[in-house]
Amino acid sequence: MPILASADWLILLIYGFFVLSAGLSLAPSIATSGDYLVAGRKQPSWLCGVALAGAGVGSLDVLAMGAAGARYGVTGISLFALGSIPAMLFAALVLMPVFYGAKSAEGAPVRSIPEYLGLRFDQKTRALNAALFLAMALFSAGIALYAMARVIAALHVFDDLADRLNLPPTGVLLLSMALPALLVLVYLLLGGLAAAMYNQLLQFSVLVAGLLPVVLVGLKRAGGWSGLKASVPAGFLHLGAGSHSLGIGAVGLMLGAGIVLGGGTWCADFRLLQLAMAAKNAASARRAPLIAAAVRVFLPLLLILPGLFALSLPTPRTTIVIHNDNGAIYHEITVVPPAVEAGQGLVPAKADANGQPVKSADGQVVLDYALAMPKVLVAFLPSGLLGLGLAALLACLMSGVAASLAASNTVFACDIYQAFLKKDASDKQILHAGRWAAVGGALLAFGAACAATRVSDLLDAVVLVFALVNAPLFATLLLGALWKRATGHGAFAGLIAGMAATLLHHGTALPRGAQPGLHGGWIAVLHHPVSDLAMGLGTAAFAFAVSLLVTIVVSVCTKARSDTELTGLLRSPEPAKAAWWKQSEVIAAAIILLAAIAVNLIFL
Amino acid sequence: MARKAKTDLTAKSAIGPAANAGIHVDARIAVGMFFTLTGTILAAFGFSTRDRMDTYARSAGIDANLWWGLALLVFGIVMLAFGRRGQMKMEKDRAAAPARR
């Protein structure tokens with residue numbers, strides 16, 4: 001039975017058309033490399049803010065949030081809300097003014113984080129970070145493509161099309177990776193970062209429009225909040241109750257997630273920072289993360305509740321209904337694959353090549369939590385709205401890929417091509433380099449996606465790659481922007497040491513029930529974190545701490561740069577123009593923080 | 001309504017980059033157009049299928065297409081209005097900018 005009706009297809013196609021038209025309408029305005037790479041630095045704060053919120057749930061996060069809801073209950077909300085919001089506020093008030101205001105010796109504004117590192121520290125730090133960033137961004141873009149293809153395949157969206165084209169079963173997966181990748185590449189080539197941002201605005205609106213009905217219908221069907229409470233495992237609607245399944249106390253969870261994961265994402269990841277750096281002026285650049293944070297406080301309800309609904313429905317079983325029609329006996333058989341039957345609620349188990357459920361080392365069925373969200377969409381939305389819900393899911397995944405490609409073509413054009421390959425490149429040449437980098441990046445990402453179809457564990461490697469690149473970088477940027485004494489040698493050593501620390505921690509720890517390999521423990525298993533999440537937090541925190549320490553020690557031992565060289569590259573103590581309670585941005589930040597705490601307190 | 005905004009957009013890009021380089025399309029217009037269109041389609045689809053209980057068993061018997069379609073239509077029109085205003089302001093600023101230089 002095809003899951004999508006023609007009304008769903010119509011809405012999906014209209015969405016695809018609008019995504020392309022954003023590129024088409026912007027194409028005539030793209031004349032210089034600045035228009036293409038940094039959207040002309042002319043975007044209003046509301047666009048930057050919503051694009052930032054959109055990119056924040058882009059890529060894998062939209063699946064991960066539904067997964068967290070199904071796996072950890074509302075504790076997932078605190079991870080999401082309290083974890084990232086302090087980091088976003090810190091980025092807005094402290095770091096954004098530094099990154100946005102930094103200028104090269106010729107007075108040109110900084111276009112990327114590696115470029116900032118080059119000015120603040122030295123060229124080797126810049127090159128190291130640029131190369132690592134490119135590898136991380138393209139790898140995770142590939143994994144996002146693969147995750148998207150799995151969703152499309154699980155919902156049988158392209159099955160008819162693949163049948164008509166006589167493609168083999170693996171062809172469906174390839175088709176579902178190639179089509180979205182091509183769509184993203186075309187609009188990016190046409191409109192650059194601006195097209196990516198315009199589509200993030202569209203994506204974010206579609207996300208709310210597609211998922212809000214799921215939450216409303218879901219609550220109605222479960223019989224309101226109390227009905228939902230009765231139908232999910234005990235304690236799932238109680239904050240911190242799920243923390244024993246996470247293996248760390250609620251406080252540790254919030255601190256760890258907030259400082260390290262939140263900081264590594266919102267204060268160091270150029271895929272997100274590029275959106276605020278495209279703002280039209282410094283005030284807009286500061287306001288963008290604030291707007292994103294204000295929006296994000298309310299997102300968990302939209303993204304995590306559907307995961308809970310997945311658990312509240314009965315698990316599908318193979319059934320045989322016998323009925324008698326005018327003497328003829330009919331056997332109506334509904335066949336449910338074994339992996340789905342072994343699942344919990346609507347969350348299916350991971351299936352191996354024969355369609356049998358996968359079991360972990362201790363004999364437990366491994367659930368495929370990433371499919372919680374798509375399964376809920378199909379179960380709760382009538383045809384018509386289902387098209388919109390699916391568009392929302394695909395929009396998030398595509399915008400994540402777009403953010404990765406846009407950021408990596410900027411980093412390639414500014415920090416590899418212009419900085420090292422062709423120092424006297426003209427503006428036209430930089431523009432071309434950026435566009436070719438987008439094409440190359442899309443091809444590499446597609447390659448990574450193809451690799452992931454063979455080694456499905458690669459999906460779990462995203463956390464490791466994040467810890468490898470962003471956790472140490474957060475320490476470097478923090479010291480670079482706030483501590484005058486930090487030196488280039490210190491930053492370089494800190495980044496290398498942070499990476500080594502990540503690998504060391506990852507190699508010696510293994511979450512309970514996991515097999516050694518990409519999940520960790522490939523050197524020797526010295527300790528067992530309780531869950532994958534606890535493991536990821538531990539790795540990132542260790543890398544951050546080592547990087548911070550090594551940067552400080554090496555900096556103190558090496559020669560500092562003079563104050564005049566560093567003008568405008570550090571946070572300057574602003575002339576006290578007004579008391580803090582008279583600055584609207586500080587007030588806004590305080591309100592957002594209180595709202596985030598309030599959202600968490602509801603569940604205590 | 002959606003159609004009108006579209007013609008405005010193309011008229012805009014005709015005088016586009018030569019006059020004053022840079023990006024000058026208000027992002028809200030596309031969002032408004034999308035939701036006006038999908039809202040209308042969903043509401044019409046919901047209206048024509050309002051008696052089919054089997055379709056709406058998933059959404060607890062509510063004709064979710066009709067009601068949510070209408071809500072999206074309103075949202076789309078509001079975004080279009082904001083987008084048009086933003087676009088006009090942007091054009092005014094651009095017309096004024098070269099004169100000052």
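Colleague: Which domains does the domain assignment give for chain A?

Modeller: The assignment, which is automatic or from a database, gives domain 1 (6-23 + 40-312 + 372-454 + 581-601), domain 2 (319-369) and domain 3 (457-572). This is a predicted model, in which local features need pLDDT of at least 70 and side-chain atom pairs count only at pLDDT 80 or more, while totals for chains, interfaces and linings use all residues. Residues are numbered from 1 along each chain as its sequence is written, and chains are lettered from A and ligands numbered from 1 in the order in which they are written.

Colleague: How many residues do domain 1 and domain 3 of chain A each bring to their contact?

Modeller: Domain 1 of chain A brings 39 residues and domain 3 of chain A brings 30, where two residues are in contact if their C-beta atoms, placed from the backbone, lie within 7 Å.

Colleague: And which element gives the most on the domain 1 side?

Modeller: That is H7(A), with eleven residues; helices here are DSSP runs of type H or I with at least four residues, numbered from the N terminus.

Colleague: Switching topic, which residues have the most contacts inside the largest nonpolar core?

Modeller: They are Leu145(A), Leu188(A), Met197(A) and Val401(A), in a core of 236 residues. Such a core is a set of buried Ala, Val, Leu, Ile, Met, Phe, Trp, Tyr and Cys residues joined through C-beta atoms within 7 Å, buried meaning that 20 or more other C-beta atoms lie within 10 Å of a residue's own.

Colleague: What does Val401(A) touch?

Modeller: Leaving out residues up to four places away in sequence, Val401(A) touches Ala141(A), Ala144(A), Leu145(A), Ala181(A), Val184(A) and Ala445(A).

Technical notes:
Helix = DSSP H or I, 4+ residues; strand = E, 2+ residues; numbered from the N terminus. Buried ≥ 20, exposed ≤ 12 C-beta atoms within 10 Å, placed from the backbone.
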